Amino acid sequence: MQELVDDPPPVVDGLRCRLPLLVDDHRATTRILRIAYPFLAEGGLGADGTYIGNDVFSGGSFVYDPWVLYQSRVITNPNVLLAGVIGSGKSSTAKALITRSIALGYKAYVPCDPKGEWTPVAEAVGGAVIKLGPGLPTRLNPLDAGSRPSGVLNDDWHRIVRSRRRALLGTLAESTLGRPLTALEHTGLDLAIDRASQLPAPTIPDVVAALFDPDAGQETSAVDNRELAHAIRRLVHGDLAGMFDGPSTTRFDPSLPMVTLDSSWIGAGGNDQALRLTLACASSWLEAAVTDPAGGKRFIVYDEGWRVMRDPALLRRMQEQWKLSRAWGVSNVLIVHRLSDLAAVGDLGSEARALAEGLLADCSTRIMLRQEPDQLARTATLLGLTDVEVATIAKLPKGRALWRLPSRSFVVQLVRHAREVELFDTDGRM
Ligand SMILES: Nc1ncnc2c1ncn2[C@@H]1O[C@H](COP(=O)(O)OP(=O)(O)O)[C@@H](O)[C@H]1O
Ligand SMILES: [Mg+2]
């Protein structure tokens, strides 16, 4: 056997060409050998999960379920990263995974949908769509407490609600100011939230009012709070007025299979900062439902996620949420064009960059659709791909992807039903 493997020249014999076998030599007893058959195909990921399509190499069906695989320790967390050039089928793949998983009892929330393309999908599965934008009638109060999950004590619940409000307003302020808050501003914000929280249903204007006009004798003055107050005021009087500055006009119904937030009215002009602020408010509002560990298994989708990833404050929140996903039964699905989107958020060594690259590390499943040639080397290094895998992702047709799990990978062709083709279509609207 060994002599054969040592590089004999290919023998051309008629039209047949014999090449050396590229497999390791193997020793076994005759009892085993009489039934051994070398052409066994990879068994896929088992049969327990949502059908995605065909395993291109074995021809078998490919199924995937992040929670089943997490339980059987194939993956170390249930989060998913999807990357590929525009039109390679990223959204279609996510929509297929999610709509089919809904049939198995899972739910999905889409807080980031800047193109509004999840709207028909949510309607088709009996979910709800919240349309947000300047001039639209819907308003969300991101300071809503939400309903207390069963099993959480009242005192703990007050603490949770307070820290969620604090985290949101801190994120909003840092994001609009473009810098971290000072020590004085932190104190000012704490006191303003405490004062507003005495109201039964506090809103952002209540916090802004408390910042502009703090109680007499308080540790921080209106002067200390000035910049902070103006930064948060943007949500009340600025370009986002009317969306997050009063009581909610809609209620989050956690029993629905899908809730999406259509922000196509906001990001349309390429206004990514408005989109980021919207995502921060909306995801804080969703969090009340998401943090209930008894809420079942849920996907949270960030489609066109690269557009919201320029912001350290928001990234920090996303990462906290990512870390807790296992405890909450949540699988985060982040959709980007290329892995270098994660590096583009900041300079080497910057906090934003470390946070974005941390998100990649926190996604055990990486689904790579076609990548531009100039992205291949980088993708290969970041994911530790083999040469064969790199050559594969360079020429993947639409809807075919390399599914890369920690110790295994598959090339899978998405198979869609005629109804899904219609529902997931994004070319029609272009
Ligand atoms: N086999 C396929 N799998 C997925 N999408 C496909 C396939 N063939 C064609 N498409 C179409 O490609 C278009 C782009 O897909 P989409 O998922 O929106 O891409 P992306 O989100 O990567 O930009 C959609 O209109 C979709 O219907
Ligand atoms: Mg898309």
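Author: Around ligand 1 there are 16 residues, and the closest are G87, K90, S91, S92 and T426; a residue is counted here if one of its heavy atoms lies within 4 Å of the ligand. This is a predicted model, in which local features need pLDDT of at least 70 and side-chain atom pairs count only at pLDDT 80 or more, while totals for chains, interfaces and linings use all residues. Residues are numbered from 1 along each chain as its sequence is written, chains are lettered from A and ligands numbered from 1 in the order in which they are written, and side-chain values use heavy atoms, with hydrogens and water left out.

Polar contacts with the ligand, that is, pairs of N or O atoms within 3.5 Å, come next. A side-chain N or O atom of S92 is 2.6 Å from an oxygen atom of ligand 1. For K90, a polar side-chain atom lies 2.8 Å from a ligand oxygen, and S88 contributes a backbone N or O atom at 3.3 Å from an oxygen atom of ligand 1.

We turn now to the helices, which are DSSP runs of H or I with at least four residues, numbered from the N terminus. Two packed helices are described by the angle between their axes and the distance between the axes. The axes are lines fitted to C-alpha atoms over the stretch in contact, and angles run from 0 to 180 degrees between N-to-C directions.

Helix α6 (residues 154–177) packs with α11 at an angle of about 150°, their axes being 8 Å apart. The pair is therefore roughly antiparallel, a term for angles over 145 degrees. A167, L168, T171, E174 and S175 of α6 make the contact with A313, L314, R316 and R317 of α11, where contact means heavy atoms within 4.5 Å.

With helix α7 (residues 183–196), α6 packs at about 130°, with the axes 11 Å apart. These two helices are therefore oblique to each other. In α6, R162, R165, R166, L169 and G170 meet H186, L189, D190, I193 and D194 of α7.

Finally, helix α11 (residues 312–328) and helix α13 (residues 351–361) have axes that come within 9 Å and cross at roughly 30°. They are therefore roughly parallel, as angles under 35 degrees are classed. Among the residues of α11 in this contact are P312, L315 and W322, and among those of α13 are E351, L355 and L359.

Methods: Parallel < 35°, antiparallel > 145°, perpendicular 65-115°, else oblique. Polar contact = N/O pair within 3.5 Å; in protein donor to acceptor, adjacent residues only side chain to side chain.
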